[in-house]
Amino acid sequence: MTPNKTLHLYNSLSGKKEPFVPLHEGRVGMYVCGPTLYSEPHMGNMRTFINFDFIYRCLLHFGYQVKYVRNITDAGHITNSAGQEVDSIGSAARLEQVQSLEIVYKYNVKFQELQRLYNLLPPNIEPTATAHIQEQIEVIEQILENGFAYVENGSVYFDVKAYLQHFPYGELSGRKVEELEHETRALNAQEEKRFFADFALWKKAHPDDMQVWRSPWGNGNPGWHIECTAMSTKYLGKQFDIHGGGMDLKFPHHEDEIAQNCGSFGCNPARYWLHANMLNVNGQKMSKSFGNYFLPKEIVEGSSPLFSKPYAASVVRFFMLQAHYRSTLDITEEALNASEKGFERLMEGLSLLDKISPSNESSFSVEDWKQSAEAALLDDFNAPILIANLFEAVKQIHALNEGKAQLNESDLSLFRDTLAQLTFDVLGVEPIENQGNARLDGVMEVVMALRQKAREQKDWATSDMIRDGLAKAGIQIKDGKEGTSWG
RNA sequence: GGUCUCGUGGCCGAGCGGCUAGGCACCGGUCUGCAAAACCGUAUACUCCGGUUCGAAUCCGGACGAGACCUCCA
C-alpha cells in the first residue's frame with residue numbers, strides 16, 4: 001500500500017473512505033454533538049470527546065484552519081417510545097429540587113473540569129441551546145414556510161411525508177420509512193403527530209415545565225434536534241465540512257438534523273459525517289441505563305469499584321487512542337495496565353532522546369519514519385498505527401543511546417520535534433508529573449547513600465534490607481548502570 | 001422481529017487479497033552480588049464450513065456466536 005499523501009476519512013453518509021476536500025481550501029468547519037447537561041458525563045461519553053479532540057488535533061497538525069464547534073445541550077424536549085414527553089434536565093432539576101439553570105451550570109462546571117483533566121483542546125465555540133432559542137425559532141419558521149412542518153395545538157412537528165416528496169429520509173442510518181413503519185410502535189392516540197415518523201420541532205409548554213420560552217406558536221420548548229441545526233448554521237453556515245458525534249446519535253438525532261437542514265436550507269448540513277464508536281464494558285456498551293458506567297473522575301481518583309487502582313488521565317487517553325475511533329473498545333483492568341506500562345515506556349523513551357548527542361551521519365531515515373506516522377493519520381485518523389510508529393521510534397532511541405544507531409544534527413532535531421508534536425500535540429497525552437516532595441527526596445538521598453555504602457562493603461544483608469523495606473513502603477529501587485534511582 | 005456491524009495469539013487491539021502492526025503478559029538472553037528495573041530477542045492468531053483466486057485473516061455464500069440501532073443515549 002502506498003502511503004496516502006492526502007487526508008482520507010470514512011464518511012458515514014456513503015459508508016466509504018473518501019478523500020477529504022474542504023469547502024474552502026485550507027479551512028475546516030467541524031461540528032460535534034456535545035453533552036446534555038442533566039448529569040455528569042461518563043467514561044463512554046468521554047471516549048467520543050477524546051476521539052474528536054484527537055481528530056481536531058490531527059486537522060490542526062496538517063495545517064488546516066479549523067473552526068470547531070461543540071454544543072452544550074441545556075434545554076430540549078423529546079418524545080420517547082411511549083409517546084411521553086421527556087425533559088431530562090427538568091427531571092434532574094425536580095429530583096435535586098433546584099432550578100434547571102442550576103443543574104446545567106453545575107454539570108457544565110464539571111464538564112469543563114473534565115476537559116482540562118483529559119487535556120481536551122477547547123472548541124472555538126461551545127454554544128448552548130438556551131442562548132439560541134431565537135435562532136431555533138427562525139429555523140422552524142423556515143421549515144414551516146417550506147411546507148415541511150405543521151402546527152398542532154401549540155406544538156410544531158416535522159412533516160416527514162411532505163419532506164419525502166422532495167428529499168430522501170433515512171439515508172444516513174440506512175433506513176426506509178416504509179420499513180420503519182412496520183418496526184415501530186403504532187401512533188399513540190393522544191399524540192398530535194400525523195405520521196409516526198414525524199418529530200417535534202417545538203413542544204407546547206407543560207404546566208410542570210421549569211423553563212418556558214415564547215414563540216409564534218405560544219409558550220413552549222424547542223425539540224431535541226433543532227438546536228444543532230440552528231447553532232451549526234449560525235456558526236458554520238448552511239453547509240460545512242465535518243459533523244461528528246457518537247454512533248448512537250446516528251438515528252434519530254443526526255437523521256433529523258439532516259431533515260431539518262434540508263427542509264429549511266435545501267442541503268445536507270455536512271459533507272462528511274463521522275461517528276465515533278462506543279466504549280464497552282464486558283462486551284456491552286457503557287450506558288447510564290445499563291448501569292455499567294463509571295465517571296472519568298473516578299478512574300483517575302481510583303474510586304471506581306471496577307478498578308483496583310487509579311490511572312492517570314493521560315494513561316486513559318492513551319488507552320483509548322490505542323483503538324481506532326470507529327471500533328468498539330473494551331475497557332478492562334488488564335488492558336489499562338498494559339497501556340499504562342506502554343505509556344511509561346514511551347515517556348521514558350522520549351526523555352532519553354533529550355540526552356542523545358548528534359553524530360556526523362544518520363543511520364536511518366527520520367523523514368521516512370515521519371511520513372509513515374503521518375500516513376497513519378491521513379488514513380482516517382488511525383491513532384493505533386500512529387502509536388505503533390511511536391514505539392518504533394522508542395526502539396530507535398534506545399539504539400541511539402547504545403550507539404547502535406546515529407543521527408546527524410538536523411535529523412536528530414527533526415526526530416525530536418516530530419516526536420514531541422505527534423505525542424503531545426496530536427495524541428494529546430501529557431507526561432506524568434512526579435509529585436515532588438522535598439522532604440522525601442532528602443530522606444531518600446540519605447537512604448540511598450547508606451545502601452550504596454553497604455553495597456560497596458558487600459554488606460548484602462543491609463543493602464537488601466533497605467531494598468525490601470522500601471518495597472514494602474511502595475518505593476521501588478532501580479539499580480542502573482549510572483547509579484540507582486527510585487520511584 | 002427488522003436493519004446494520006463485528007468475530008485476530010493469554011489480554012487489549014491494527015491490518016482488510018501476496019510484504020503476516022503495536023502495547024502488555026509469557027519464555028530466552030544481556031546487565032546485576034542476587035533480584036527488580038531497563039534493554040535485546042524468540043514464539044504464539046486470524047470462529048467454523050464451503051467457494052472465487054496462482055495466492056484469502058482480508059473477497060463471496062452459509063452456519064454458529066457477540067454487539068449496536070429501531071424515537072433516552074457520546
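A: Let's start with aromatic pairs: rings of Phe, Tyr and Trp (its six-membered ring) pair if their centres lie within 6.5 Å, with planes under 30 degrees apart called stacked, over 60 edge-to-face, and the rest tilted. You're looking at a predicted model, where local features need pLDDT of at least 70, side-chain atom pairs count only at pLDDT 80 or more, totals for chains, interfaces and linings use all residues, and side-chain values use heavy atoms, with hydrogens and water left out. Residues are numbered from 1 along each chain as its sequence is written, while chains are lettered from A and ligands numbered from 1 in the order in which they are written.

Q: Which residues form one aromatic cluster?

A: Phe148, Phe158, Tyr163, Phe167 and Phe199 belong to it.

Q: And how many aromatic pairs turn up in the whole structure?

A: The search gives 20. One of them joins tyrosine 31 and phenylalanine 240, tilted, with 6.4 Å centre to centre and 50° between the planes. Helices (H or I, at least four residues) and strands (E, at least two) are DSSP runs numbered from the N terminus. On that scheme tyrosine 31 sits in strand 3 (residues 27-32) and phenylalanine 240 in strand 11 (residues 240-246), so the pair links parts of the chain 209 residues apart.

Q: Are tyrosine 31 and phenylalanine 240 buried or exposed?

A: Buried means under 20% relative accessible area, exposed over 50%, partly exposed in between (1.4 Å probe, protein chains only). Tyrosine 31 and phenylalanine 240 are both buried.

Q: How do I read a charge over a ring?

A: Look for NZ of Lys or CZ of Arg within 6 Å of the ring centre and within 35 degrees of the ring normal. Here arginine 194 lies over the face of tyrosine 150, 3.9 Å from the ring centre. Arginine 70 does this over phenylalanine 49, at 5.4 Å from the ring centre.

Q: What about the sheets: what order do the strands take in the open sheet of four?

A: Strands of a sheet pair through backbone hydrogen bonds, either parallel or antiparallel. Two strands count as paired if DSSP finds at least two bridges between them. The four-stranded open sheet runs 7-8-9-10, with antiparallel pairing. Strand 7 (149-152) and strand 10 (220-222) are at the edges with a single partner strand each, so one side of each has no neighbour in the sheet. Strand 8 (residues 155-158) and strand 9 (residues 199-204) pair over three bridges, and valine 156 has tryptophan 202 in strand 9 as its bridge partner.

Q: Which strands form the open sheet with mixed pairing?

A: Three strands, in the order 14-13-15. Strand 13 (residues 279-281) pairs with strand 14 in the antiparallel sense over two bridges, and valine 281 stands opposite glutamine 284 in strand 14.
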